Amino acid sequence: MAVVVWVFAGGGESEVRGLIPFLEKNFPGCRFERKTPVRQKPGPKPNRGVSYGRTGQSLIEQIKHELPIALKVEANRCDLILVFDDLDCRDPEIQRQKILQEISQVHESADIDKFVGFAAPELEAWIIADWNNSIAQHPDFRGRHERMRWWLSTQKYIPFDRPESFSEYDPQRDCCREKLSEALINSSVQHEDDRNKPRFSKKEHTPVLLGKINPHIVQEKCPLFRELYNYLKHFCYLN
């Protein structure tokens, strides 16, 4: 019988479209059920986008609302509650303990295992960590991935051997001073030859590229990814 994992993830389209397929591909011993982000219908105004949007404290409040409902209405309880969020340059241990302390108030979940994992600072760090299997192989970036990497290295000082360390915390905004995903977008439109080519899209490219990365390569460069990977590998295969 499959081990059931309820996934409460922050973020938007890349998490909706990319995270669960990535987990299913790499941890087949578990069955992952996404509880958040929750798809919402477009608003009444023309051209208004779809909003998913929870992260940080907002995600915590959403979990505290959605988890009791799931525990009440689901016929079969889960074996693991997995909380996943962009770290956004916050302190990982402080943020992890904050989340666990808050959701522990849902007393009905006291006997269920819980794990908090982070993409630091964002999911795109995993893509950058395995550049040769992701960006370099995608048809939209062939012929220019080398100059994209050069620009990210020399202009944004992104360390490709430890991309989780990019940027620093901005206490005024409660997030990174610079966004890794924005740097990746900008890297794809720096050269005049790129004007008629697709720019990097967090919505379109990130979910696809998550399916291409080699987790063994990523874990060598991303310690927080390694924590998540090793925990799920152990949990999904031994339960």
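**View 1. Helices α2 and α3 side by side.** Helix α2 (residues 56–73) packs against helix α3 (residues 92–103) at an angle of about 25°, and their axes are 10 Å apart. Here, axes are lines fitted to C-alpha atoms, for helices over the stretch in contact, and angles run from 0 to 180 degrees between N-to-C directions. Helices (H or I, at least four residues) and strands (E, at least two) are DSSP runs, numbered from the N terminus. That angle makes α2 and α3 roughly parallel; the label covers angles under 35 degrees, with over 145 roughly antiparallel, 65 to 115 roughly perpendicular and the rest oblique. On the α2 side you'll find Gly-56, Gln-57, Ile-60, Ile-63 and Lys-64, meeting Gln-95, Lys-98, Ile-99, Glu-102 and Ile-103 of α3; contact means heavy atoms within 4.5 Å. Sorted by class, the residues of this contact are four nonpolar, three polar and three charged. For that sorting, Ala, Val, Leu, Ile, Met, Phe, Trp, Tyr, Cys and Pro count as nonpolar, Asp, Glu, Lys and Arg as charged, and the others, Gly among them, as polar.

A quick note on what you're looking at: this is a predicted model, where local features need pLDDT of at least 70, side-chain atom pairs count only at pLDDT 80 or more, and totals for chains, interfaces and linings use all residues. Residues are numbered from 1 along each chain as its sequence is written, and side-chain values use heavy atoms, with hydrogens and water left out.

View 2. Helix α5 (residues 145–154) and helix α6 (residues 180–187) pack at about 135°, with axes 9 Å apart. This pair is therefore oblique. Met-148, Trp-151 and Leu-152 from α5 meet Ala-183, Leu-184, Asn-186 and Ser-187 from α6. Five residues of this contact are nonpolar, two are polar and none is charged.

**View 3. Glu-178 and Asp-194, on either side of α6.** Glu-178 sits in the loop between β6 (175–176) and α6, while Asp-194 is in the loop between α6 and α7 (205–210). Glu-178 counts as partly exposed, at 34% relative accessibility, but Asp-194 is buried, at 1%. The cut-offs are under 20% relative accessible area for buried, over 50% for exposed, and partly exposed in between (1.4 Å probe, protein chains only). Setting aside neighbours within four places in sequence, Glu-178 is in contact with Lys-156, Phe-166 and Ser-167. The C-alpha atoms of Glu-178 and Ser-167 are separated by 5.8 Å, although these residues are eleven apart along the chain. Asp-194, again not counting residues up to four places away, touches Arg-144, Arg-147, Ser-188 and Val-189.

**View 4. Two cis peptide bonds.** Thr-36 and Pro-37 are joined by a cis peptide bond, with omega about 0°. Pro-37 belongs to the loop between β2 (30–36) and α2. The bond from Ala-120 to Pro-121 is cis too, with omega near -15°, and Pro-121 is in the loop between β4 (113–119) and α4 (124–129).

View 5. Asp-88 isn't a glycine, yet its phi is positive, near 50°. Look for Asp-88 in the loop between β3 (80–86) and α3, where this residue is buried at 11% relative accessibility. Tyr-157, also a residue other than glycine, has a positive phi near 55°. Tyr-157 lies in the loop between α5 and β5 (169–170) and is exposed, with a relative accessible area of 65%.
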